[in-house]
Amino acid sequence: MPSDTARTGLDGVVQAAKAAGERGLPPVHLWNPPHCGDIDIRIARDGVWFHEGTPIGREALVRLFSTILRRDPDGFHLVTPVEKMKITVEDAPFVAVRVDRDGEVLRFLTNVGDTVEAGPDHAIRVEEDPATGEPRPYVHVRRGLEALIARPVFYELVEMATERDTEGGPRFGVASNGAWFQVGPA
């Protein structure tokens, strides 16, 4: 059973997020509250949010929490004007679950409802998973927060890719909003 402090902290975060969310995305980058400790919230590699080991089943609550998520040098935090609580994120906090091409723009939809247009301010990057050697693609969502691009969505990107000569040799990539992003070797 959670302590009264943890419950009060979670309830406080929910109330502050609701109040801030009524005006669009809250300005978490401007808030500098004291660190109040860790809270037992974990975002799994597949984008599922857990509280005290149980998946958070209320999609609206997950979306609400996602709006007050911030990445600081010491990790991920849920931030309100008066509280800052550290959470665990196994990979990226969001998952890109859809991509659409609209002319020269690639538009991603995340599992928490964010829409992101890839471009200079919202880069696509691909890392290699050290354990499997498979690609791990990401798109920047906002203020240092990224979405892991789901495998089927990445396959769609690969289908859209064109080959270019780069300093590292021929590479496949996709263009969006005037930027070109490498997605793999040619």
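Trainee: Which residues does Ser176 touch, not counting residues up to four places away in sequence?

Mentor: A contact means heavy atoms within 4.5 Å. On that basis Ser176 touches Glu104, Val105, Leu106, Ala118, Gly119 and Phe181. Keep in mind that this is a predicted model, where local features need pLDDT of at least 70, side-chain atom pairs count only at pLDDT 80 or more, and totals for chains, interfaces and linings use all residues. Residues are numbered from 1 along each chain as its sequence is written, and side-chain values use heavy atoms, leaving out hydrogens and water.

Trainee: Where does Ser176 lie?

Mentor: Strands here are DSSP runs (E, at least two residues), numbered from the N terminus. Ser176 is in strand β14, residues 169-176.

Trainee: Is Ser176 buried or exposed?

Mentor: Buried means under 20% relative accessible area, exposed means over 50%, and partly exposed is in between (1.4 Å probe, protein chains only). Ser176 counts as buried because its relative accessibility is 0%.

Trainee: What does the side chain of Ser176 reach?

Mentor: The backbone nitrogen of Leu106, at 2.8 Å.

Trainee: On to the backbone: what is the phi of Glu52?

Mentor: About 50 degrees, a positive value although Glu52 is not a glycine. You'll find Glu52 in the loop between β2 (49-51) and β3 (54-55). With 36% relative accessibility, Glu52 counts as partly exposed.

Definitions and conventions
Helices (H or I, at least four residues) and strands (E, at least two) are DSSP runs, numbered from the N terminus. A polar contact is a pair of N or O atoms within 3.5 Å; within protein, one must be able to donate a hydrogen and the other to accept it, and residues adjacent in sequence count only if both atoms are side-chain atoms.
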